[in-house]
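Open the structure in your viewer and keep the selection tool at hand. The tour below moves from one selection to the next.

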Amino acid sequence: MLKTYEGSCHCGAVRFEADLDLTQPTYRCNCSICRRNRFWAAIATPDTFRLLAGADELTEYRFNSRKSQHFFCRVCGVRAFGIGNDTPVGTMVGVNVGCLEGVSEETLSKIPITCVDGMNDRWTERPEFFSHL
Amino acid sequence: MKYRGSCHCGRAAFEVEGTIDGAMSCNCSLCSRKGALLWFVPRDQLTLLADEAALSTYTFNKHVIKHRFCPHCGIHPYGEGVDRKGNRMAAVNLRCLEGVELSAIPVQEFDGRAL
């Protein structure tokens, strides 16, 4: 069931709210950028994600196909969310689960996680090694 | 052993020397957001191959640890500070190293959130 969560980068300059169902799979990936910051994404859409503050503090980073927008706070460097513009389900907002407020450690530990093999461009397959993701 | 690492875009490239015998994963307010897997080495074993002034620095709470990140791609390759004995130390994000099999490294969980 969808529930509305608030979240932020570390310094608080970037704040958002998202309607998420944390009983549904969240994602970790071994691609070159997700590997470096263990991006842990809960999936929202443009309709269920609202940036509340900090649009001017966001730096956008794109690479490779340049289709995905990777945003981070220019003050603290935290990636609170990113936007995938060309996914099988259309435009997706990946919300960093680590940035959500009001989620207990116990709840975090029970969120289902699906690991995908982005390193080998196999976005629907689990990588051979994933315990570190 | 000498390792090479970098942020994602490559602007913050570095070399670090040492033996990776373990890593620390922390759940504090910053680590839970940036997901680093930390390996502590004396700061002089880390050689930044870029101008330090080109990196962004974030500090919080006691402002004693300098969290460095790339202002272009936002990746955090390392932080630095001083240990209790006064030695300059670096906490290297192992996820930024090349040629390291991360799943084979023992990880110690640290309850930074409780501090």
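Two strands count as paired if DSSP finds at least two bridges between them. Note before starting that this is a predicted model.

**Stop 1: a pair of strands.** Select residues 68-73 of chain A, which form strand S7, and then residues 81-87 of chain A, which form strand S8. The two run antiparallel and are joined by 3 bridges. Which residue of S8(A) stands opposite Gln69(A)? Pick Ile83(A): that is the residue facing Gln69(A).

**Stop 2: the next strand.** The link from S8(A) to S9(A) is a hairpin of 2 residues. Thr87(A) has Gly90(A) of S9(A) opposite.

**Stop 3: a single residue.** Go to Asp121(A), in the segment that follows strand S10 (113-116) of chain A. Is Asp121(A) buried or exposed? Asp121(A) is exposed, because 8 other C-beta atoms lie within 10 Å, and a residue with 12 or fewer counts as exposed. From Asp121(A) back to Gln69(A) the separation is 52 residues in sequence and 18 Å in space, C-alpha to C-alpha.

**Stop 4: the contact between chains.** Show chain B as well. The contact involves 26 residues of chain A and 21 residues of chain B. On the chain A side, helix H1 (32-37) and strand S6 (58-61) each supply at least two residues. H1(A) gives the largest share of that side, 5 residues. Colored by type, the chain A side shows 12 nonpolar, 9 polar and 5 charged residues.

Methods. Residues numbered from 1 in each chain as written. Chains lettered and ligands numbered in written order. Predicted model: local features only at pLDDT ≥ 70, side-chain atom pairs only at ≥ 80, totals over all residues. Helix = DSSP H or I, 4+ residues; strand = E, 2+ residues; numbered from the N terminus. Buried ≥ 20, exposed ≤ 12 C-beta atoms within 10 Å, placed from the backbone. Contact = placed C-beta atoms within 7 Å. Nonpolar A, V, L, I, M, F, W, Y, C, P; charged D, E, K, R; others polar.
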